[in-house]
Amino acid sequence: MPLDTLSRAAVIARRCGADAATTLLNEGFVSEEVFYRALARRLGAPFLQGSLALAEDVSRSRCFAAGAAPLACGEGTGGVVAAPRGAAVARLIAASDRMAQPPAITTPNALRQALFARHGAAIADDASETLRRLHPEWSCRPGPQALDLALIGTILALVVLVARLPTLSGFLLLLLVQGLMLALLTFRLAAAAMGAADMVSRRASAPPPVLLTDDALPTYTILVALYREAAVVPRLLGTLRRLDYPAAKLDIKFLLEADDRETAAALQAVPLPARFEILIVPAGMPRTKPRALNAALPLARGEHLVVYDAEDVIASEQLRLAATLFARAPASTACLQGRLVIDNHGDGWLPRLFAIEYAALFDVLGPALSAWRMPTPLGGTSTHFRTRVLRALHGWDAWNVTEDADLGLRMARAGYHVGDLPSATFEEALADPRKWLRQRTRWMKGFLQTSFTHGRRPLDLYRHLGAAESLCVLALLPGTVVSALFYPFMLLGGIADLLPVPDTETEDPLAVFKRAASVTVFLGGLAAMCLPGLVGCLRRGWFDLVPLVALLPLYFLLGSLAAWLAVFELARHPHRWNKTEHGLARTSRTGALGRRPSGQAAVRSASPAPLPSPSPAG
């Protein structure tokens, strides 16, 4: 290797506070095979490549931790094969003179593949079932049966029917329901008021914190679950390469399904330094993103871990900012949620309204929940974790199709909080209503799964969270789905109550009071739907989208259809994952996703399944 390359690597390693071996490999100065062949020569040990025959009684967890595994006797050496990383390389070289027989050497990639080949079935089973085995009360299996859904639906329908009857019992029930709805709407209205106050006081644009220097940064793991995403691989690699974070402290893992040869070929066609790893998830059920994440979690080397989606275009400073905020946050802050921003506004009316919805959720509601230290259903991507907490919670629920919302609630139950990360991740929205419905149906189904899972023992949930936090969970998860289910009926009823009554002087006072309460809830629901979106657009400088906020009541009719489809799908296919197609965007407001439409100005960069959406019904 040229001396100037070694000198350059040494300079980088000193600046980053990293070891020389990791710097050489992660910066791409040398390939894994060349490096580990040279290590084998230095030790006077054999270098093994290709498939490795490991001993049958090997413990995969100990092998992953040690970076070594016992070989089968027929392998020739009859001893151990090692693939040391980082400082372990120097320790092995220092100890080699005292060894009677040094271990055989291979690459970390070859060792991992051998361990996955030997223990694939067990790894797949752990990824799917660990949460259910260790914390069955946190697992969505077994979920509600069709009879359970029918019974709950009947009860809700009876509540609505009785509440509309002109009797005293109907009046009292309606009063109770409407009072609960107003309480649920309070979270969104208060978040909108808080966001507006931030704009007035300019707190939202306060100077960012002084970021950690390279030597103070911890190792960061990035997990990207991919399935049939070959079209977006070039853009994904570009955004990950542009991250303002020392390469020696990055651990990037692409998680692929065994049958996804197209995406694997797209990744393998590009020479990647050692900080990028391609991990083939062992075949198993369910075929979901959280199962793939669980398979990779034991291999994460970072103190912090972030999950990204295939189509994400990430602000270059995001990891450095997250590490800085984690360093200054209390240990109870287990997660930071980044700001998800829809960028393909020019693709049609649906992406524009989707962009307004995301601005409401991630620029208004999310920061407010963080400031109030309330439970937060996570957004599925740009979610940054303390890795130790994630492992303590046994990762994600592989059977829950909005594993992010479930994990946010589990963190709250365990006493942790979600912080706000004012850094943008640009995404694309689906412009085809049918594809949009498939995606939103999965989100609604996941909210139902999470609601049933954590609603099995409501008193326990209340004791863990407290009154205000429990009400927040009720508003954001089951409240979202129930309000979406009844939204068309509440919309029609609210409009009817707004119409003038022919003879109000002879009308029953009880009926007048009921109408006034109904109108209050209806108008409050419209305000909770529109005001966060309006504030979000203003905070992002999207003044051209402000008039479209008035269309949100129509947009959420699609959400109601998705909620009804989710109920039927939960009964028939509870764990089916409706995959979202990526790489379909034709336009990009900022240019992050591709060519910006002519005549459209770039948006300023303001600081799955997303946070749930509101409806006038609560």
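**Close-up 1. Burial of Thr-383 in the predicted model**. With a relative accessibility of 3%, Thr-383 counts as buried in this predicted model, because buried means under 20% relative accessible area. The residue belongs to strand β10, which covers residues 383–386.

**Close-up 2. Contacts of Thr-383 beyond its sequence neighbours**. When neighbours within four places in sequence are left aside, Thr-383 is in contact with Leu-305, Val-306 and Val-307, with Cys-335, Leu-336 and Gln-337, and with Leu-378. For one of these residues, Val-306, the separation from Thr-383 is 77 residues in sequence, while the C-alpha to C-alpha distance is 5.5 Å.

**Close-up 3. The open sheet that includes β10**. Eight strands, in the order β6-β5-β4-β7-β10-β9-β11-β8, form an open sheet with mixed pairing. The edges are taken by β6 (276–281) and β8 (313–314), and each has a single partner strand, so one side of each is left without a neighbour in the sheet.

**Close-up 4. The pairing of β4 with β5, and helix α10**. Strand β4 (residues 220–226) pairs with strand β5 (residues 250–257) in the parallel sense over 7 bridges, and Ile-222 has Ile-252 in β5 as its bridge partner. Helix α10 (residues 261–268) packs on the sheet, where it touches β4, β5 and β6, and the direction of α10 makes about 150 degrees with that of β5.

**Close-up 5. Helix α12 across the sheet**. Helix α12, formed by residues 318–328, lies across β4, β5, β7 (304–308), β8, β9 (333–342), β10 and β11 (417–427), and runs at about 175 degrees to β11.

Note on methods
Residues numbered from 1 in each chain as written. Predicted model: local features only at pLDDT ≥ 70, side-chain atom pairs only at ≥ 80, totals over all residues. Heavy atoms only, no water. Helix = DSSP H or I, 4+ residues; strand = E, 2+ residues; numbered from the N terminus. Buried < 20%, exposed > 50% of the residue type's maximum accessible area, 1.4 Å probe, protein only. Contact = heavy atoms within 4.5 Å. Pairing = 2+ DSSP bridges. Axes fitted to C-alpha atoms, helices over the stretch in contact; angles between N-to-C directions.
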